[in-house]
Amino acid sequence: MWPIDRPPKWVDRSQELAALRAGVQALRHGEGAAVWVEGEPGIGKSSLVVEALAGVSELGWDIGWGMADQLAEQLPLSVIQDCLQVRLTSPDPRRAHAAGLLRSQRLGLFADGDASVSGIEVLMALADELCAAAPTVMVIDDLQWADDASLLVWHQLAASIDQLRLLLIATCRSDPRRSQVQQVRTSLARRGGALVTLGPLPETDVADIVTAMLGAPPEDTLRRLTAQAAGNPLYLRELVDALERERAQASSAAEVSTAQEKMPASLAAVLNDRLSSVSAQAAQILRTAALLGAKFTVTDLAVLLRRPVSELAAGLQEAVAARILVGSDSELAFRHQLIHQALYASMPTALRTALHAEAARELAATDADVLSVAQQLLSAAGAPGEGWARAWLIQAAPALTTRARPGCLARALLAVGAYDEAAEQAGAALPAMTDPVRRAETSSVLARALVSAGRSDEAITTVRQVLASPGLPRTWQARMLALLAMLERAATGELDAADETARQALTLAEEVGDPFATAHALTDLWLSHGIRRDHGAALGYIDQALQVLGDDPGYTDLRSFALDGRIFTLQNLDRWPEAELALRQARKSAQRSGGPDRTTWVTAAVLRYWLGQWDDALAELSTDEDDVPGLTYTFLRERWPALLVHGVTALIAGRRDQRTTADRHLRAGLALPVLTIPDRENRDFLVAAHAVALEQRGETRQAMQALAAIVPRRDGEMSLTHQWLPDLVRLAVAVGDRPMARATAQACQAEASAETKPARAAAASLRCQGLLRSDPVPLRDAVAHYRTVGPATELPAAVEDLAVVLAERGQLEEARAALNEAVSLYEGLNARWDIRRADSRLRPYGIRRGVRGPRGPRAATGWAALTPTEVKVAALVARGDSTSEIARGMFLSRRTVQTYISRILAKLGVKSRVEIVREALRQGISA
């Protein structure tokens, strides 16, 4: 059951045990708990956990124990997979399915972040399913060595512990050097998780342990020696074992000869001395095994030693009998991490590096698991520069992208956003490549890395050089042309040239029958036609791309990009219900492929903003205030989504007069550089939010100037400036800047004229013209459009503008009716600032709202405080659905569902899903 033995002699630690056993009791009652056990190496952290969990194996709980080590740090999610026992051969279909999803992950053209994100989603979903099925215990031993992805999983599980039947335990060294580990600990403490710190054992407990080991109380000489162990149980046991093996004891079992009163030179030497208790053959086996990590398979060990397993059996059994190794399912493990570390550190660095490189080659030659080979290559420092290693890394890239540490492959470096390093790796690999397909693949990686690093000219040069190279397969000609079209648009904004290149790519791709190049070329044409505002044609191109891609799992990322484009285009065509349906299809596609739906978070939030579903928009974007800075998905470290995350959140907060929240997101968003066209295309919400903040401070002219930054739209830029131009006209009129108001209205009319089918820009232009000329006719037309077509967020603003213009013309009763309607609509959005602004705009005309007065404030707590979506989620929780099941049924991300559940818990003032169920039943709610 456990990877380490239960201590033969347990000493006190009553307070520390109580903290862990409180977690066990909570789990017995269906509640989750997270416990962090820390202390110096060997202080007994793992033993404490084993003692606290004694007896739980008979309860039918799902129990997993993962052990991290220095080598595991380089392999994302290996520790969590180990803990959850995720294996293709698992008899549990849930675990086998998860293992299959992890193995099937592939890196593609539009991989936009951490290559481990897909694996994180898979393992989080598995943990959720396990907890829904039975109380679950997860122990991660030596968390300080865990990779960043595993740390993120542990952190997210701890953050949602109130929603899970899970006892989550971590053991960690005190004061870990890695800031990410410290941040995870800080986050847990802030949430009220249990922190258990183990200090040295008191002298009486030390004496008890020595007595148990030797059968008699220690005398003074031995007490002086064991005092040098400083109350550390492992050091103590290893020291006494070493002394006993040296036969330093006198005639009595308790009296140690004074001839050996000196502590061994170092703890490492004491631990290494364990090898003296086994034969030379077993010692050699153990030294080699140390290269494989704290846990290893006998098969891999046999490969490294170039000996059959049968010849290793006796030595391994000897090491197990000496309590140096222990069995762990299909693997063997060093009994304690320190024993492994001592053996590993005893090898000179140069020798160790060379041995890792040799081990990698031996394992690769036998087609060993790619993780085993990658672990050795990644541990070989600068050694794996040989041709075989480079070729192997390229060939293994699809598997390693989600399972091996980013840092050794150009593909993985590109996926995690290390663009300059990816370009360097790809550029270094190209000279050694003679295969034209491999050269094309790596050149594609190089080009994408260069453009992402802001080196677009170099990227275009790279692609053109590849296209001019002899022997380039026609499939790769098509793919490179499609890539070139994308780069030309981004770098130069020359849409005609980009279109010509895209059409060449499309023709060639269709001739060779390559779906990827075909769809890529079609997305190029979608983009250019969207920029021209020919949204009807753009929709046709994106639909063709999706039809070509079908459901092939190899094109998951490109299909996700295309689905996102379809949602965007349907919004531009004012086809809002279809846009919502397309969002559901995008999430269904992500669920079907087993990949994360992170690409839909911002897309969904923007859509829900315009639909007036502001609470749901915030739920899509919500990141816990305690989220660990260094462990967010790499996707959110990119500038363009970060600009939107902060922009949408700040704009909603500003319009709701939640100024502290708005200011925090404004500061974060405005600190981001705007360097590329995608940056400019996605900064508009942030600019609008900044203008709102300035207007709230009475700085109306500055607000106008800030919002004016979105115009003019540059060549090749998609930015939907028309969304914000009516507000710019309003601000310009307010400060008496008629030239700015006229120029803005003209810019909006130009956007409307570019639309091949009148839609959003046309409606925005009506508002601009009405405000500029103080004419209610175009404003009435705009209001009628928004009533009939949407979006919901535009309607109250247009009605407010109409009220002001009617008041200016002396039509006071109609103006009052329009004001009342606008305020009612704003109240539905909880847009308190908009209500204040509308009142202030009408007040000079003596217009006040009707006697109905403002709607009462929204309840902050209790069932009445829940939004409609939260009520639906609560009903599904009451039905017994897991987080993953709710996400699938509502076409949301697991992360968004977790946000809803956290909000429900907070509003109801409860701590577990069980209490949500009780409250739902009291309310008579059912799914």
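**Exercise 1.** With which residue does E311 form a salt bridge, and how far apart are the closest N and O atoms?

This is a predicted model, in which local features need pLDDT of at least 70 and side-chain atom pairs count only at pLDDT 80 or more, whereas totals for chains, interfaces and linings use all residues. Residues are numbered from 1 along each chain as its sequence is written, and side-chain values use heavy atoms, with hydrogens and water left out.

Step 1: the criterion for a salt bridge is a side-chain nitrogen of Lys or Arg within 4 Å of a carboxyl oxygen of Asp or Glu. Step 2: the partner of E311 is R307, and the closest N and O atoms are 3.5 Å apart. Step 3: for accessibility, buried means under 20% relative accessible area, exposed over 50%, and partly exposed in between (1.4 Å probe, protein chains only). E311 is partly exposed at 42%, and R307 is partly exposed at 24%.

**Exercise 2.** Describe the pairing of D92 with R94 and the accessibility of each residue.

Step 1: the two side chains meet in a salt bridge, at 2.8 Å from N to O. Step 2: D92 is buried, with a relative accessible area of 13%, while R94 is partly exposed, with 29%.

**Exercise 3.** Which residue forms a salt bridge with D615?

Step 1: the partner is R656, with the closest N and O atoms 3.0 Å apart. Step 2: both D615 and R656 are buried.

**Exercise 4.** How many salt bridges does the structure hold?

Step 1: the total is 45. Step 2: a network of salt bridges links R655, R767, E794, E800, D801, D834, R837 and R841.
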